[in-house]
Amino acid sequence: DLLRAIIEHVRPLVIVNAAALTNVDQAERDPTLANAVNATAPGVMAEAARRVGALFVHYSTDYVFDGATRVPYDEEAQPNPINSYGRSKLAGERHVAATDVPHLIIRTSWVYSVTGSGFVASLLRDLPGKSTMRIVADQVGSPTWSRSLANATAALVRTAIRDDAIVLNPSDWGVYHLGGSGEGSRVEIAETVIDALSDRLVERPTIVPISAAAFGALAPRPHYSALSNFRAAKRFGITLQPWRAELQRMVTEEYS
C-alpha cells in the first residue's frame, strides 16, 4: 500500500527498482520473505508505474539460470533457477512483464563495489595480513562493477526517454543482460585484486582453491552463470568493458 501511495503521489517519469533481498542463503531460509521482496513488490511497483505512465526499470540476476551450460547466457536462454533467490527473482521478472508497463528488466551478474558485504568488498577488507585464502574455484560468472552497471542503466534510460516522454517501442521492452564482459571464477577475481594491490601488500597471499561443496553454503549456486550482453549491444550499442580491466580500475580509483 505504501509503495502504491508513494508512486501515485510522486508520479515519476521513471522508476528504477534497485531493491532486492540478495542474500542467497537468507532467501533459501526464508522463501516467503524472498518472494515478498523480490517478486510481489516489483509487481506492485510495475502496476503503479503503469497507472501513472512511468517507465519501470528492474534489476534481476544471472541466478535465474541453472548453470548447466558453458556458453554465456543470452536473453533468449531458458531460465531454470536452482535456489529460492533465483526463483523469487524470476517470479519478479514475470510479474513486471505481465503488467504491460513500459519496462526494462536488467539481468546482471556478480555485482561488486568497494563497500558492502559482497565478495570483492570482503576480499579487500580481508587481504591485509592474510597469508592464505580459501576461495571457491568451481563457480563462474560475469563480474560487474556497480559503477559501470549504473552508467549502462542510465544509457538505457536515455534511449527510452526524450523530451520528458517515453519513446521506447514495445518491441524493445523486456530483458537485457548487462554483465561485465567475459567470464571469471572467484579465484580469478581474487588474483586480479591481489595483482592490483601488489605494491600495497606486505605479503602476497596464497590462494587455496576449494569447491563450492567444501565452502558449505546453504543454497546451491549455478556453477556457470556468465552473461552475453547481446541484446543491449545490438539494439542500443551499450556494452560493458572486460571485467578484469574494470576490476583493476575500481581498485585503482576507489580503494585506498
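Set aside sequence neighbours within four places, and Ser 148 touches Leu 240 and Glu 246, where contact means heavy atoms within 4.5 Å. We're working on a predicted model, where local features need pLDDT of at least 70, side-chain atom pairs count only at pLDDT 80 or more, and totals for chains, interfaces and linings use all residues. Residues are numbered from 1 along each chain as its sequence is written, and side-chain values use heavy atoms, with hydrogens and water left out.

**Exercise 1.** Find the helix that holds Ser 148, then decide whether Ser 148 is buried or exposed.

*Solution.* 
- Start with the helix: Ser 148 sits in H6, residues 146–160. (Helices are DSSP runs of H or I, at least four residues, and strands are runs of E, at least two, numbered from the N terminus.)
- Next, the relative accessible area of Ser 148 is 11%, so Ser 148 is buried (under 20%; exposed is over 50%, partly exposed in between, with a 1.4 Å probe and protein chains only).

**Exercise 2.** Check the span of helix H3 (residues 31–52), then look for a kink and for what H3 packs against.

*Solution.* 
- Buried residues of H3 include Ala 34, Asn 38 and Pro 42.
- The buried residues of H3 pack against H1, E1, H2, E2 and H4.
- Just after H3, Gly 53 has a positive phi of about 80°.

Terms used. Expected span 1.5 Å × (residues − 1). Bend = angle between axes of the 7 residues up to and from the residue.
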